[in-house]
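Please look at the sequence and the 3D structure shown below, and keep both in view while reading the briefing that follows.

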Amino acid sequence: MNNNKQHDDALAAEYALGTLRGNARLRFERRLQQEPELAAKVANWQTMLTGLDTHLRPQTPPERVWKKITLSLPAKTPVKRANPYVGWLVAAGLAAFTLVSYYNHRPDEFAPLIILGDAQQHGQWVVSRSSDRRYLQLAPLSAVAVNADNSLQLWVIPAGKQPVSLGLLANNTATRIELNQQALPAGTTIAISLEPQGGSPTGQPTGPVLYSGLL
């Protein structure tokens, strides 16, 4: 079982990076439609890898570094047989860098909570909740086409009560939403509606509900 979980986690990482290709990618995408836990793994990897860009800043070496490199180069660089271990070393270095970045900026642990579907009953959004129950994370399985004058808005609708807005969602990447002590008891509906840009002007849904799911 652990080996299967590790294998699925590796596949989810490859899918998030875009390196999973061909028939393997097609098989994996079919599984995403049926396995919420697998879709949540992809969402977690996407969130983690996207965060790397926000923590790294390009650094320009001083001019003396380039001069020293230039002076140290031989007049004619001899042709050498490619080292078969170079590719492995580069890959290992990148993996180590990713892991260090992950543990330095490790997000809260999120567990799958619900899959939101559209009118065709296709799972489109993975909703996960942090272990401390303070945050929701919503990740689309594929980018949602939204016009520039519209926004996607998240709502929770407790049984028998009015909808409560939790904020706006990105249409092509995972969004983390703070619950602000909003309870999510059984029977609560979680929904995403299409609203004017910036969100509903009335505090209640005004546009069509695109995705929904019942806890």
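At 84% relative accessibility, Gln-181 counts as exposed, a word used here for over 50% relative accessible area, while buried means under 20% and partly exposed lies in between (1.4 Å probe, protein chains only). The model is predicted, so local features need pLDDT of at least 70 and side-chain atom pairs count only at pLDDT 80 or more, whereas totals for chains, interfaces and linings use all residues. Residues are numbered from 1 along each chain as its sequence is written, and side-chain values use heavy atoms, with hydrogens and water left out.

**Positive phi in loops**

- Most residues other than glycine have a negative phi.
- Gln-181, although not a glycine, has a positive phi of about 65 degrees, and this residue sits in the loop between β6 (175–178) and β7 (189–196), where strands are DSSP runs of E with at least two residues, numbered from the N terminus.
- Arg-133, also a residue other than glycine, has a positive phi near 65 degrees, and its place is in the loop that links β2 (123–130) and β3 (135–140).
- Arg-133 is exposed, with a relative accessible area of 56%.

**A buried residue in a strand**

- Ala-191 belongs to strand β7, and its relative accessibility of 4% makes Ala-191 count as buried.
- Leaving aside residues up to four places away in sequence, Ala-191 touches Gln-153, Leu-154, Trp-155, Val-209, Tyr-211 and Ser-212, where contact means heavy atoms within 4.5 Å.
- Although Ala-191 and Leu-210 are 19 residues apart along the chain, their C-alpha atoms are separated by 7.6 Å.

How values were computed:
Helix = DSSP H or I, 4+ residues; strand = E, 2+ residues; numbered from the N terminus.
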